[in-house]
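Trainee: Hi, could you walk me through this structure? I'd like to go from single residues to the overall picture.

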Amino acid sequence: MGLKGFAEGGIASIVAGCSTHPLDLIKVRMQLQGESSSVPTTLRPALAFQTSSSTLHAPPPPPRVGIITIGSRIIRQEGTRALFSGVSATVLRQTLYSTTRMGLYDILKTKWTDPETKTIPLTRKLAAGFIAGGIGAAVGNPADVAMVRMQADGRLPAVDRRNYKSVLDAIAQMVRGEGVTSLWRGSSMTINRAMLVTASQLATYDSVKETILEKGLMRDGLGTHVTSSFAAGFVASVASNPVDVIKTRVMNMKVEAGKTAPYKGAVDCALKTVKAEGIMALYKGFLPTVSRQAPFTVIMFVTLEQVKKVFKDFDF
């Protein structure tokens, strides 16, 4: 396969990422609802753990709003162009992260496919996804941090906004102000999420597609590709949303000199989030996650199948 798998996967992922960027931005804004820059103390009565009476009588948090409300608010307050805030970071992220994971998965799947039966067990598909996703996430983490910050910037008061001009400006400012290590902030969560997404997404797509073709339910065409990719997107959303919420909050936290960071790490963030907002806070933004993941996966795989046809006669 060589470089062909990387090129095919990269092109398909960039097209899908740009097409669904507004939904990804809304998802990030929803995941940050209820977050405080300090240690959370207010609990959601219906879902939170019981604590002292003073906590129980604390003022209730602002009500959560849904995908349509947040989308409308962004357009009304920040303009339609704001829906594409951070799209340059999305392009860089897909170029680094998805190109790597798609190419590696293709190589591993080819290597582990039985030459006689031309099949590969589900366990090996999952293993290939875990490996490819982890490596891809490590490579693409700087762009991921920049993307989250650029998408979240509009929700901050004007005085607190970072006002990054582009993904390169975001990375440069982070390096100058917070050090090179800030580019890999939340990398453990990014890697864990990427392993879950890649394994569940790519393995589900391959398995569902193979089942449909083996049983003769549909021919190898657009209907099969859309059905398989929609199933893959839903499974990936369920598997990755809790990790995605924590990743978003850790990456977005503002660390100021001389002040204690809101979270010590991913585990601390998860514990504080659940304690303050309840266990279901880990599924904040699930609707936009599915709304984004499903079309993203559909567009990616449909585009991938078409790109493969274009590159069929090329060998590189």
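Trainee: Which helix is Arg73 in?
Mentor: Arg73 belongs to helix H4, residues 67-78. Helices here are DSSP runs of H or I with at least four residues, strands are E runs of at least two, and both are numbered from the N terminus. Keep in mind that this is a predicted model, where local features need pLDDT of at least 70, side-chain atom pairs count only at pLDDT 80 or more, and totals for chains, interfaces and linings use all residues. Residues are numbered from 1 along each chain as its sequence is written, and side-chain values use heavy atoms, with hydrogens and water left out.

Trainee: Is Arg73 buried or partly exposed?
Mentor: Partly exposed, at 35% relative accessibility. Buried means under 20% relative accessible area, exposed means over 50%, and partly exposed is in between, using a 1.4 Å probe and protein chains only.

Trainee: What does Arg73 touch?
Mentor: Val65 and Glu78, not counting residues up to four places away in sequence. A contact means heavy atoms within 4.5 Å.

Trainee: Now Asp144. Where is that one, and is it buried or exposed?
Mentor: Asp144 sits in helix H6 and is buried, with a relative accessible area of 2%. Leaving aside neighbours within four places in sequence, Asp144 contacts Arg93, Thr190, Lys247 and Met251.

Trainee: How many salt bridges does the structure hold?
Mentor: There are 16. A salt bridge is a side-chain nitrogen of Lys or Arg within 4 Å of a carboxyl oxygen of Asp or Glu.

Trainee: Can you show me one?
Mentor: Take Lys109 and Asp206, whose side chains meet in a salt bridge at 3.3 Å, N to O. This pair links distant parts of the chain: Lys109 is in helix H5, Asp206 is in helix H8, and they are 97 residues apart. Asp206 counts as buried, at 10% relative accessibility.

Trainee: And what partner does Arg249 have?
Mentor: Glu277, with the side chains meeting at 2.7 Å, N to O. That pair also links distant parts of the chain, with Arg249 in helix H9 (residues 222-252) and Glu277 in helix H10, 28 residues apart. Arg249 is buried at 0% relative accessible area, and Glu277 is buried at 5%.

Trainee: Which residues do salt bridges with shared partners join into one network?
Mentor: Asp24, Lys27, Arg93, Asp144, Arg193, Asp244, Lys247 and Arg292.

Trainee: What about Arg185 and Glu178?
Mentor: They form a salt bridge too, with the closest N and O atoms 2.8 Å apart. Arg185 is buried at 16% relative accessibility, while Glu178 is partly exposed at 27%.

Trainee: Switching topic: how many residues are in the largest nonpolar core?
Mentor: It has 14 residues, and those with the most contacts inside it are Met102, Tyr105, Leu202, Met300, Phe301 and Leu304. A nonpolar core is a set of buried Ala, Val, Leu, Ile, Met, Phe, Trp, Tyr and Cys residues joined through side-chain atoms within 4.5 Å.

Trainee: Which helices supply at least two residues each?
Mentor: H1 (4-19), H5 (87-112), H6 (122-152), H8 (187-214) and H11 (286-310). The largest share, 4 residues, comes from H11.

Trainee: What does Phe301 touch?
Mentor: Not counting residues up to four places away in sequence, Phe301 touches Gln201, Leu202, Tyr205 and Ser229. Apart from that core lies another, of 13 residues, including Ala146, Val148, Met150 and Met251.

Trainee: Last one: how many helices and strands does the protein have?
Mentor: 11 helices and 0 strands. Buried residues make up 49% of the 316 residues, and residues 24 or more positions apart account for 81% of the contacts with a separation of 6 or more.
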